[in-house]
Amino acid sequence: MNRALTYWSVFVQAAWGLRDNARRSVLSLLGVALGVAAVIMVDALARGAHAFVNAELETFGLRTVWITRDPRSPNPERAIRQGSGIENADYLAVRAGCCPSVALASPLISTRGRSELAKSLAALPIRNGNQFSNARLEGVAEAHLAIAGDTLSAGRYFSVREVAAGHQVAVLGVVAARDLFGAEQAAVGRAFRIGEERFIVVGVLGEKNRNTLVSLGIRDDNNRISVPYTAYQRLVGSTEIASLQIQAVSPARAHRAAQEVIAVLERRHVGRYRYGAEVMADHQLTADRILGAVKLVGVVSALVSLFVGGLGIMNIMSTAVIERTREIGLRKAVGARRRDILLQFLLEAVLISSAGGVLGVGLGVAGSYGLARATEFPPSVSDLAVLIAFVCSIAVGVLSGLLPAQRAAALEPVRALRFE
């Protein structure tokens, strides 16, 4: 009981000591608070950015793999073969079940390709009367809807029978639907022309949020027109396929699926072409690494500001020891022990850092939600980040106050009483 009273007495004396130097205490408290708030806000901003970018990447489908011909040759003296290296029969072979890691497959032919056929088709106007669209035209199969993770906001997707027969039907992205028909709902059942060929709209795709990726030059899937690849091939007069878009049975088997499809293509073409794969999971891993590195740099920088606040605490505690030297000598002369003096000054430092930590947590959480609204990132305050920041503020108080407290405790009573 006496020990508890002693500790309480030391705590009260520490609080009174801070009150006597209120201005300096508040300034030191704010330094710690800003450091804690910075740690929480940087972590929340990085987590929100990570969630935002991943949400956009997921619109491509995390199990998606693109297989294309690699036109490069390691032998500069070897003639480069022309063509995409992928034909309708190759797609049918992959689709027939020869690749156990492949769940779905679809051809993908686009007017944004590099071939002369793609460029000539891109020059054809897409119009409905006097309304025009600059949408990307792509030829795909019925499985493309599921592979790309698309949804429908109106109508339906084209069927297996329509793809096999090469029917001139189309599914529009929301931007293309608005350009040609004014609204998504008004597009279904209407006709438009690609060059002189008439196509019927059977569906409109749901809108995808890719604002960040589009700003980086990634294609805008809201401004596209999908038609059966067979109808596309008839427009260009070729049976070539620019690339195969496949869906692996799981993200973990995406690379295996790519290897299986490439093996089929190389076997069918007897090594005449080289093929490469673009795996969506790799893009997500790259984004995770970049954002993780940015988060690490930001949090470390914020922790540095927190420890700078700790230097402020050390400064005012050192000043307090000098100013209160006679008080320390008097207390020791009437029986105060070394550990009582040490505990009092250490408590003063911890009280400042603790109060700064509490204020910093409040500022950090409020600031994180403010940043989320300003950046349109999802709010993502981590309980672990809050706990770490607060514990660091306590640690800063202990470390900053330890040296001045030891100096105060080590003072000799007689010398302290004579100090001017």
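I checked what comes after helix 7: Gly182 follows, with a positive phi near 90°. Helices here are DSSP runs (H or I, at least four residues), as are strands (E, at least two), numbered from the N terminus. This is a predicted model, where local features need pLDDT of at least 70, side-chain atom pairs count only at pLDDT 80 or more, and totals for chains, interfaces and linings use all residues. Residues are numbered from 1 along each chain as its sequence is written, and side-chain values use heavy atoms, without hydrogens and water.

Next I looked up burial in helix 7, residues 174–181. Val174, Ala176, Ala177, Leu180 and Phe181 are buried (under 20% relative accessible area, 1.4 Å probe, protein chains only). They cover an arc of only 160° around the axis, so they lie on the same side of helix 7; the arc uses directions from the helix axis to the C-beta atoms. I listed their cover, which includes strand 7 (169–172), strand 8 (191–194) and strand 9 (197–205).

I then took Phe192. Beyond neighbours within four places in sequence, its contacts include Leu180, Phe181 and Ile225 (heavy atoms within 4.5 Å).

Which residues have the most contacts inside the largest nonpolar core? They are Ile67, Leu172, Phe192, Ile225, Leu244 and Val261, in a core of 66 residues. A nonpolar core joins buried Ala, Val, Leu, Ile, Met, Phe, Trp, Tyr and Cys residues through side-chain atoms within 4.5 Å. Helix 10 (residues 254–268) gives the most to this core, seven residues.

Last, I looked at Leu34 in helix 2. Leu34 counts as exposed because its relative accessibility is 56%, and exposed means over 50%.
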